[in-house]
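Subject: Structure handover

Hello,

Here is the structure I promised to pass on. Please open it next to this note and follow along.

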Amino acid sequence: MINVNSYLNNKALKTFCLYQALPSDDQIIKTTYTQQKFINSLEKSEVQIEQRSFNQDFTSLFNQQVKIDQNFSNKNQILIFTTSKSSSQITFIIKIIEWIKFDFKILFLKPQSNVNKAFKNLKINDSNSSIYSLFIFESIDLFESIINRECLDYLINSAKLYKIGFIFLNKNFNFKTQKCALNRELERFYVTTKFSIDKNFYVNTQNNDESFGALNSKWDHSTRVILCDSKNTILKNQNDNCMRFIDFKINLENIKSSVILDILNYASYERVNLGLERFVQIDIDDIFVGQSGLRIKSNDVNELVNFQDYLNQNYFVHSSEKFKFNLGFSGYYFCSGNEEEINGDKLLIEKRKFFTWFDHTWSHYQPHLLNSSLLNEQLYFNFDFARKYDLNTDTFYAVSPHHSGIYPVFNDLYEKWSRIWLIKVTSTEGYPHLRPAHLRRGFIHNNIMVLPRQTCGIFTHTNFLHDYPRGIQKLNDMMYEGEIYQTILFNRINIFMTHMTNYANDRLGIYVFKNLFNYINEWTNIKFKYLPPLNLGHKYFELYPKESEPLWTNPCIDKRHKLIWNLNETLTCSKFPKILILGPQKTGTTALNLFLSSHPQFEPNLSTKEHFEETQFFSSEYHKGIDWYLSLFKFNRNDSTINFEKSANYFSDSKAPKRIKALLPDAKLIIIYIDPGKRAYSWYNHMRAHNDRIAIKYTFYEVLNLEVKSEDLEMTKQLRLRCLDPGEYAKYLRKWLSYFKKSQILLLDGELLKTNPNSYDSKKKFFCLFVHGRRKCLGSGKGRKYEPIDFKSIEYLNNYFNDSNFEFFKLIKKYSMDIPIWLNF
Ligand SMILES: Nc1ncnc2c1ncn2[C@@H]1O[C@H](COP(=O)(O)OS(=O)(=O)O)[C@@H](OP(=O)(O)O)[C@H]1O
């Protein structure tokens, strides 16, 4: 047995045991555990961790498995413990958490799991303290089955102090929620029980333990949510009767979505909180577009104005801005219907000041199908139309037909929108994909904010109640607790898409929003708000700043995207590279690039003056978009040609793994390793060769030890970091393995790449190719001649990289990858 004090003072242990929950060493010592247990727990790995973050990874939960990502910044993470991916309760709760955009992690546990190891992997420490607000267990049985659970128990002990709530799901209880009623007095929750609590409803009456007395007896409006522990095991030895434990003995799908929000809110000590405000913008696309017989007439226009008033008087009562329908027009079709419809168009223009207006292209053309001058025309003609009829287009907002050009982005549209219409905000249903709708997100590209757009069950072809696809009941179901209702409940900002014909004929647009708003008003305390599009855009990215940077997905694997992408002969799916050489820098990546290129089946990216041989797309050039990226690759001559690229800084770039995963999920990745000390020295010499002031002025050893003048310190630190950091191979390899399967990654020993006999050039002192009978070596910038590394630096580097190399060694052993010759332990 080791001395507990010294053991607990060990930094590793602090991080091991959810340090966020441990305010001081004194308190840590209260937890008693033995060394053996600790060691055991580290040995066995029975747990997998999946990191989920709303803007990091859009593929739905079960499409891919992302393990251990230490790069979590969100403070209000939810940690989900489950045995399987297929538990319907877990799937359901995850969908809601994704919908409301809270970050979460999933711990996959085997029954009887040792959870300590998983907690260690979560690497929770001082700097990311209080990261969790809620732990959700698949069931109470799973919770109880966890062995070696010191950390978990400690966490429970300190749950109240650190405000971590617990929810236990259980699928065997069929629960009805008729007794729910709205309490208007409560600001915070949507639905609560009205008067007294029905004990069978929320509170488990079996539990008579005194420690629960306060919870059970003091249940009232202010206690708010469910607290119980049927088996009386979790809280048994705790004196804390105020912990927020929630045991769901219900089937989640049977309870109201608003109750689930209440519960998440309550259990997380209000940190999972969407507030009650819901911003709603309703676009009416295709104004003036539509077949004669289905278009709006005068009475439809009057009805639309009346309905807008009705919404303002009844539902947008808390909004400082008056709600206005946002009308997307195509001027070319103005007055193109029958006589009654022409009057309708004219009346709409007469009533123009009641609404806001936006460009929907002059003749409803899809921008991606137009060349530059036609696109100009489309935008200018509509612009002139707006001026002629004095339309209120001061919204900085536009939407293109069929979302064309918005996502996948068509740079020409973005550029012309900005220039001609001063557009700053748009919306689409297509980012990252149309389905699943709850994962739709926003992004900013070329200074245009792209907001997610929601559907509300009505489309251009749904104009009559009697022929609503699969019956009107289907539409009603969507409004009453179904998808449209949930859309408003779970999205703080909603932009709905409707069409002109939805306000003519049976006026399904009015039918849907009247009933929907009424139902929400009756059953929740939601406060509807309106903001003009530009302000709404700012609000969106204020709420979700992490979404601003786009994550490009591959249009070739999404049918809808493919249809509205700028596909032509030079831009085609086969151009996407299938192999990426990731680096790190100075390991021989150029040599490998050359060797591969000389093979007739492999085609490297084109080099241009601007970026030489490396595209660096997934690191620094990402904002240029995929059309730019693809312009750097040749159109494939035949099916067997494989495009590839090498950008040696991808390896240690923090964003490259996520970006490559999103665009090229099946790519093969090549990583080359040499002794990290040699790599560091090679980089130093590379910088000297590029006349870097610091590298010229100071020796390698001085740089490593920061033995420099104070005015050079900052720059030397940067150089030192570039020398050393990419050599921390385990750290980066682990990250790549959290995004890609092991089978997609090829590790190459850079020393072998140098020494593998092919044709050794005694002058160059490296292997060179023979192409058409002539020797082809790499240029003078590769395989430089410089002084051998000094002994003190070698010693320094051996020391510096010792732990990291050992980690790397263990990692590649664990994944049964080849161990490089230079790495021996
Ligand atoms: N065949 C052949 N010819 C020349 N050089 C070779 C070859 N094979 C591997 N090497 C080693 O590659 C080192 C340069 O690595 P990179 O090409 O990855 O550098 S870079 O990051 O692209 O700048 C380069 O580093 P230096 O020796 O420091 O110049 C070489 O050690």
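Where in the chain is the place of Tyr 503? Tyr 503 sits in a loop, the one between strand 16 (493-499) and helix 18 (508-523). Keep in mind that this is a predicted model.

Tyr 503 is buried, because its relative accessibility is 2% and the cut-off for buried is under 20%. Tyr 503 and Asp 300 are 203 residues apart in sequence. In space, their C-alpha atoms are 6.5 Å apart.

Now the overall layout. The protein chain is divided into two parts: domain 1 (277-548) and domain 2 (568-689 + 724-814). Taken over C-alpha atoms, the centres of domain 1 and domain 2 are separated by 47 Å.

Start with strand 14, residues 448-452. Five of its five residues are buried, so strand 14 is largely enclosed by the rest of the structure. In a regular strand, side chains alternate between the two faces of the sheet. In strand 14, Ile 448, Val 450 and Pro 452 are on one side. Met 449 and Leu 451 are on the other. Both faces are covered.

Strand 12 (residues 425-428) runs parallel to strand 14, and four bridges join them. Thr 426 has Val 450 as its bridge partner in strand 14. For Val 425, the bridge partner in strand 14 is Met 449. Strand 12 is buried too: Val 425 and Ser 427 point one way, Thr 426 and Thr 428 the other way, and all are buried.

Strand 13 (residues 443-445) pairs with strand 14 in the antiparallel sense, over three bridges. Here Phe 443 has Val 450 as its bridge partner in strand 14. Strand 13 and strand 14 form a hairpin with two residues between the strands. In that hairpin, Asn 446 takes a positive phi near 45 degrees.

The ligand

Which residues come nearest to the ligand? Of the 19 residues around the ligand, these are Thr 589, Thr 590, Ser 682, Gly 783 and Tyr 786.

A polar side-chain atom of Tyr 786 is 2.4 Å from an oxygen atom of the ligand. For Ser 682, an N or O atom in the side chain lies 2.6 Å from a ligand oxygen atom. Lys 646 has a polar side-chain atom 2.9 Å from an oxygen atom of the ligand. On its own, the ligand has 640 Å² of accessible area, and the protein covers 96% of that.

Which elements give two or more residues to the shell around the ligand? They are helix 21 (589-597), helix 24 (676-689) and strand 24 (766-767). Helix 21 gives the largest share, three residues. By type, the shell residues divide into six nonpolar, eight polar and five charged.

One more tyrosine

Tyr 732 is in helix 28 (residues 729-739). Is Tyr 732 buried or exposed? Tyr 732 is buried, because its relative accessible area is 12% and the cut-off is under 20%. Tyr 732 and Pro 584 are 148 residues apart in sequence. From C-alpha to C-alpha, Tyr 732 and Pro 584 are 9.9 Å apart in space.

Over to you.

Best wishes

Key
Residues numbered from 1 in each chain as written. Predicted model: local features only at pLDDT ≥ 70, side-chain atom pairs only at ≥ 80, totals over all residues. Heavy atoms only, no water. Near = heavy atom within 4 Å. Polar contact = N/O pair within 3.5 Å; in protein donor to acceptor, adjacent residues only side chain to side chain. Areas by Shrake-Rupley, 256 points an atom, 1.4 Å probe, with all protein chains shown as cover. Nonpolar A, V, L, I, M, F, W, Y, C, P; charged D, E, K, R; others polar. Buried < 20%, exposed > 50% of the residue type's maximum accessible area, 1.4 Å probe, protein only. Pairing = 2+ DSSP bridges. Domains from an automatic or database assignment.
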